[in-house]
Structures are given as structure tokens and as C-alpha cells.
Amino acid sequence: MPTGYMTYVSTRGEDSGAFYSDIVLKGLAADGGLYVPREYPKLAPSKIWSWKELSYHELAFKIMKRFATDIDPYRLEVLLERTYRPDRFCNGRAGEDFSQITPVRFIDDGNIGVLELSNGPTLAFKDIAMQYLGALFEMLLTDQGKELNILGATSGDTGSAAEYALRGRKGVRVFMLSPKGRMSAFQRAQMYSLNDPNIYNIAVRGSFDDAQDIVKACSSDAGFKAMYNIGTVNSINWARISAQVVYYFKAWLAVSQSPVDEVDFAVPSGNFGNVLAGWIAKQMGLPVGRLVVATNENDVLHEFFTTGVYRVRDAEHTYATSSPSMDISKASNFERYIFDIVGRNPARVRELWTMVALNGGFELNEGERRKVAESGFVSARSTHQDRLKTIAELWQKERFMVDPHTADGIKAARECRRPGVQMVVLETALPAKFADTIREATGSGPEIPVTYADIETRPQKVTELDADAAAVKRFISEAIKA
Ligand SMILES: *Cc1c(COP(=O)(O)O)cnc(C)c1O
């Protein structure tokens, strides 16, 4: 292997040596772990500081070429330039300047910055990584002369971000299961109104968990998976994480006053992907101070960061809340952070996750708890009432409307803010997606971006199926043969 090439290892230690382009098209590592870089690329403060004037795509290239060393740099640069265009990330508030892609706006007299990440095609931060992933998939599949059929289940944001990133792309089809009648009218319309021939929406007569179980059943059927080239785009995909690292740099460069200025970040968290990207930016040398993990009533991570005890909840104890994209009790990317905390020792990771399987959780030892404290992670929890209060107050005082997830982040930011240190909250969606909660909080409906003005009246394309893996498999095989 030539020096200077980045390879990836599994957190469980039995699968290593893969390149970026190998792991992008795979999900979990062969040993059930998650892929991480063999070591994090390191950047000097003076180097980072010299990037202050770069555009978003130029900055993305500087960072991502260090992870994707096996992709031709010129092709990567062109791909990033085509992805991070202002005309693709301008869905938000009309009449503003979108040249920054992820601008920062300030609230609370400048004490808190809000990093706008939701101006992409589906109005949620997932677009930033997913739009890149879609372009990357197309490039790699074309190179390898392969086809990929993405199978997923969604309760809202992930499915639409994936469909908008992969619509019309060569070599890829998307089969997205959603629970019939359980999403908001806006979310349904957003997905079902796509009429691209490579997008298949399947409304399952059942719950989100039923849809998820069908995906698992199809993915664990090795014969079916191989025959139909089934893949996923879930949040453990390393390409997504690597693309999310970029906006921490962008935000830091926008608000810092000197090359050593610390900036704290508060991040509404579900599967721990978004905040993990901040941890990686910090490992690379970005002066990140605290990383504030914001949870809703599903507070597994808040419990962990306050007690050192990790205790997952079953489906029955995972509550449906008004920040639904954070209703998660087994954060899949958490294992990547723990891998670093235990000194990148895969035997210890295996031991801890065996305890999760057997006892539903684990408790870190004293040395590991100290590492967690030193890592800069803290946490805060919000309830429905907190959410309504934050949304109403910001609307009344500043005429700024935030979505329920971002509201959880703002509450956490206010609680954990340090004097003299700039705090930045990551905005995760626009309020247009969550009209009911916005109305409950403010008495008026959210602003709907012009591109979505008529969304609920457009014709919809969706196939309804029973919550039955065999029926879904039959649908997929017929669609591929057609
Ligand atoms: C996905 C999502 C989250 C959770 O992000 P993770 O990376 O899974 O922690 C929070 N808010 C919104 C609106 C989301 O779509």
C-alpha cells in the first residue's frame, strides 16, 4: 500500500484495510462493526486559518480529499463543486444570500449562532451529505459497471433526502418503505410526488417498526441481497459522516476571531451521526470546545453523558415525540465515539456491545469515564413543553421561526453556554416540515418555501403493500425485471 493512502478499520477489529470507495457502497463491516479511518488526518491551526476565505466546495475538497485518498482528486473536486451550488441550497428564506451554503445567523444578542443546514432540496440537514452521496454513488457505480438497489425504511426525513439525492441517477434505484398514514401530509407529498422512474415509494400497511423489520428481513436474506444488489444509505455510511465534518470547519471559520479560538457546538441528536462529525473535526485539529448533545424525551445519550451508564430502551419505551427524528434509543454511530474513548481497542468494543446484547447496556470503568469527561461532550434534554416555549419565544422576540429539533438544540445551547466562548447550534430542519407543532407553539403556520408551495396538490406515485417481507421482495424483483 502506497504511503499517504487512508484505509479504514472496523470498530470490532476483524475487518481492515478497505479504501473509502469500498466502504461507501457497503453498510456494516463484515464483523458487525462500523468502519472508521485507521487514524484521523491532522491539520495545523495555521493551515485551517488559511482557509478562511474559501468557498464551501473548496473547503469541502481540502477536508474530504484526506478521507477519500483513493479517488482521483480532480474528479472529487468537480463532484464537490457540482454538489455544493447555491442554487441547490437556497430553499429557505427568500431574498437572502446563499453563497455560503451553510450561513450562520445570530440570536440572543449574538451569544448563540445558528448554523443553517436546512436549505437543501428536502429542507433538512441530511441533504448536505446525501446530495454528495448521490453523486458519489453514480460515479463509483458507473466506473465499476454495477447497479445498486437502495432499500430503506423512513418515518420522514431520511427517505426524502435519499430520494431527492438519487432521483434520475444512473445505476441506482430506490425502494423506500414508509408507514401508511403515519407521516405528515407535507412529508408524504414530498416523497410521493416524485415521478422519476428510478424511485419506488412503498406505503406499508403497518408502523415504522414493521417497515424497518421488512428491510432487516430482506437484508439478512443473503441470496436475495446478492441477486438484486441491495444496498443502504443509512446514517452509519462513512461518506455521509465525512461530508458532515466540513460544516463544522465552515462554521468555525465564520465565527472565530483567531486561529486558536475555541467554539462550542450544540447538536440535536438521534443516531449520533451529526455530533460525531463534530468530534472528528476536533480530532483533526479544529479548535472545538464543548460538544453539547441535545436529546428529547428519548434521553439514552443524556443519561450516558451525565452518569457514564449506557442503557438502551426497547421499542415500547421509545416515545413518539414532537421532535420525531430524534426518537431513537439505539444510536448507531455511538460505537464510533466509544471506540475512540476506549483507546481504539476493538476487544473492549466487542465486550461492551456483548453487554448491550445480553444486559441491554453497559457501564464504563473509571478511566473510560474520565476520557468521556475530557472529550468535551456534555448533554441536555428537552420536553414537548420546552420545545413549544423555545419556538414561541424566538418567534415573538426575534421573528425567527425554528423547527422542533433545532429548538431542542437551542435549549441545550442556552443551558451549556460558557461566557466568552461562542456557541453555535446546528439547525437540523426548517419549520415547514413540522407545521402542527409550529402552530401549537405560535398560533400561526410556518412559512412554506416557494418550491414547495403546491406540494400537497401534486399527483402522487406510491404502491401500497401489506407489512410482509415476501410481498416487498416480489415487488422489488418485478420492478427490476421490468
Ligand atoms: C436526522 C435528524 C436528526 C438526528 O441526527 P443524527 O445525525 O441522527 O443524530 C435531528 N433532527 C432532524 C430534523 C433530523 O432529520
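User: Before we start, what should I keep in mind about numbering and confidence?

Analyst: Residues are numbered from 1 along each chain as its sequence is written, and side-chain values use heavy atoms, with hydrogens and water left out. The model is predicted, so to speak of local features we need pLDDT of at least 70, side-chain atom pairs count only at pLDDT 80 or more, and totals for chains, interfaces and linings use all residues.

User: How do I read a sheet, and which strands form the open sheet with parallel pairing?

Analyst: Strands of a sheet pair through backbone hydrogen bonds, either parallel or antiparallel. Strands (E, at least two residues) and helices (H or I, at least four) are DSSP runs numbered from the N terminus, and two strands pair if DSSP finds at least two bridges between them. Here five strands line up as E9-E6-E7-E8-E16, with parallel pairing. Strand E9 (230-231) and strand E16 (463-466) are the edges, each pairing on one side only. E8 (residues 199-205) joins E16 through four parallel bridges, and Ile 202 sits opposite Thr 463 in E16.

User: Which helix packs on that sheet, touching E8?

Analyst: Helix H6 (residues 157-166) does, and it also touches strand E6 (148-153) and strand E7 (172-179). Contact means heavy atoms within 4.5 Å. The direction of H6 makes about 160 degrees with that of E7; axes are lines fitted to C-alpha atoms, for helices over the stretch in contact, and angles run from 0 to 180 degrees between N-to-C directions.

User: What is the strand order in the mixed sheet?

Analyst: Six strands run E4-E5-E15-E10-E11-E14 in an open sheet. E4 and strand E14 (377-381) each have a single partner strand, so one side of each lacks a neighbour in the sheet. E4 (residues 104-107) and E5 (residues 112-115) pair antiparallel over four bridges. They form a hairpin with four residues between them, and Asp 108 in the turn has a positive phi of about 50 degrees.

User: Which residues are closest to the ligand?

Analyst: Lys 126, Asp 157, Gly 270, Asn 271 and Asn 274 are the closest of the 15 residues around the ligand, where near means a heavy atom within 4 Å. For Asp 157, a side-chain N or O atom is 2.8 Å from a ligand oxygen atom. A backbone N or O atom of Asn 271 lies 2.7 Å from an oxygen atom of the ligand.

Note on methods: Polar contact = N/O pair within 3.5 Å; in protein donor to acceptor, adjacent residues only side chain to side chain.
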